[in-house]
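Please read the following report alongside the sequence and the coordinates.

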Amino acid sequence: MGTGRYCRSSYLSFSSSFRFLFTNAACESAPNFTLEFTELCSKGLTKQAFDRFHPQIWADPPLFSHLIQSCIPRNSPSLGKQLHSLIITSGSSKDRFVSNHLLNMYSKFGNLNVAVSLYNVMIRKNIMSCNILINGHLHIGDLEGARKLFDEMPERNVATWNAMVIGFIQFEFNEEGLSLFREMHVSGFMPDDFTLSSVLRGCAGLKAVFVGRQVHCCVMKYGFEFHLVVGSSLAHMYMKCGSLREGERVIKSMPIRNMVAWNTLIAGNAQNGHSESVLDLYSMMKMAGFRPDKVTFVSVLSSCSEMATLGQGQQIHADVIKTGASSTIGVISSLISMYSRCGCLEDSINVFLECEEADVVSWSSMIAAYGFHGRGAEAVELFEQMEQKELEPNDVTFLSLLYACSHSGFKDKGLAVFNLMTEKYGIKPNLQHYTCVVDLLGRSGCLDEAEAMIRSMPVKEDAIIWKTLLSACKIHKNADMAKRIAQEVLKLDPQDSASYVLLSNIHASAKRWQDVSEVRKAMRDRRVKKEPGVSWLEIKHQVHQFCMGDKAHPQSEDIDLYLKELTEEMKLHGYVPDTGSVLHDMDNEEKEYSLTHHSEKMAIAFALMNTPAGAPIRVMKNLRICSDCHVAIKIISEIKNREIIVRDASRFHHFKNGKCSCKDYW
């Protein structure tokens, strides 16, 4: 091999000691020289190790491997090239052991071209040489190159198969990874803990619980059922596939529970919507003496976001600060989201501004927060700042921005953003992006354009995108289109109660009573039940939940009485109950009672009774707020002089002084 490629002159930094290489040193080693030499190398003191022990290294070339290895943690390609030049000069480059270490070094540095050149001139290759180069290809994401080399290998070992299986699954080519695992099994190779953990991650990625159960059999067959990493991967697989109880059984069967197991258990409950269990497990984990880490905080904060439990979220934030995780980007993004979804946009802004090195995830989280609160102008401005800082937005950034434009009425800006995403950044829109654009067009009154987009888009539509257009039909009172669009929704999801309710309300607004009757009859015939509205709020770290007709709350009688008085007071300020929006067959008095006892009104009444005058009220609801409640809460905010923040299934509404932040555009 020519020495020019590897920078011959670069070993001048060793020139002070290189002249001794040709002395007649007998290389009489001190008894402990190897220990001292390897210790210097492990500390990254490469030059000191060479200066002190060059006679021994020259006499025993495999010692070069320690020097080569010491360059990798320091990420010093220049030092590695200097060593390579010395190895060539010393005549040690023919040593396969040393050459493999050089191959590994260049692969780890991502300098694959040099690694391939070195591999091609190696006279004596072995399986390890091939494995190292395969890992080099995988390290830079060259799966095709890795596969080609793998297919050309005359002989393979477990490490070869592991590199391929783990590499493909790491880049989320899960099907290919599982296929390689099957080949490995058929070829008679026994998987180890690395193989099984990766394969289980692949099953989790595909949500392939049937295949996961087969891998579970392999885990037991090869005696890894009590292995901490494999056990946690197995539990994660079941939980990611929606089999929470099976995952919990795996964790409980483990003889000891480490931090990974706790995090798996907490994350599994969070992913499956068991937010209360997440907070219970978090407390148990701390009582068991484990210190939460960034993985724990992300899961727990997401559960606080889901339940909108601000008090508990603030306690978790305090734990984040205590453990020193407040500078971790993933945790920062979770805090931004948590405060935003609890109705505290200003706290989200403060967390974002305190972050010294925000990444694209943090910026996207803040853009989403602005959008969720109807602050479209700020979301657009933040995106422009992001571009100025040359941070490349991703698909989530654009989804958040499109959502913000949609809920602020920025039709032209939203369409420009959609074009920017595809044309400048080359991001292929997914169904969620198209749904945002349909919402944008629909809210702006461009119903025909919205329908045309659904019918022409290159991805398969779902019930949600059609329901988005159906909602727009309600806003713009287009009953004829609504009837047609509702058929598209119910074709895909015949049990979707919200679509029946929307369609019935649209017909009622148009005074098409026969159509209203037909919708109600279809609901009865198909046994479709309207999803009950549920609202909740947190007072003094306790969550109170309300559902219409539910008398379970200890203060239900007092709430009924308060609501009656409040309604009368509201009527004096112009409130007229929208009885036409009530679907059930009942007289007007019953309809008015039904409207008065919508879950969000009950929650607000409870808050007015149990919080100090002037304190803001934060209420969360599982469904979109109805037009009657929207009008009523504006009036309540004025007559009670309270800021009332309501998070519904779509966005936040900030009611203050008789007005809403959505400007009646929701």
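## Overall chain

Among contacts in the chain between residues at least 6 apart in sequence, what percentage join residues at least 24 apart? In this predicted model, the share of such contacts that join residues at least 24 apart is 64%.

The chain has 666 residues, of which 50% are buried, and its secondary structure comes to 35 helices and six strands. Taken along the principal axes, the box filled by the C-alpha atoms is roughly 110 × 55 × 50 Å.

## Nonpolar cores

The largest nonpolar core holds 158 residues, and the members that touch the most other members are Ile134, Met366 and Leu469. When residues up to four places away in sequence are not counted, Ile134 touches Ala146, Leu149, Phe150, Met153, Thr160, Ala163 and Met164.

## Packing of H16 and H18

Helix H16, which spans residues 259–271, and helix H18, which spans residues 294–307, have axes that come within 9 Å and cross at roughly 20°. Because angles under 35 degrees count as roughly parallel, H16 is roughly parallel to H18. The crossing in which H16 passes H18 is left-handed.

On the side of H16, the contact is made by Met259, Asn263, Ile266, Ala267 and Ala270, while H18 contributes Val295, Thr296, Ser299, Val300, Ser302 and Ser303.

Definitions and conventions. Residues numbered from 1 in each chain as written. Predicted model: local features only at pLDDT ≥ 70, side-chain atom pairs only at ≥ 80, totals over all residues. Heavy atoms only, no water. Core = buried A, V, L, I, M, F, W, Y, C linked by side-chain atoms within 4.5 Å. Buried < 20%, exposed > 50% of the residue type's maximum accessible area, 1.4 Å probe, protein only. Contact = heavy atoms within 4.5 Å. Axes fitted to C-alpha atoms, helices over the stretch in contact; angles between N-to-C directions. Helix = DSSP H or I, 4+ residues; strand = E, 2+ residues; numbered from the N terminus. Parallel < 35°, antiparallel > 145°, perpendicular 65-115°, else oblique. Left-handed = near helix turned anticlockwise from the far one by under 90°.
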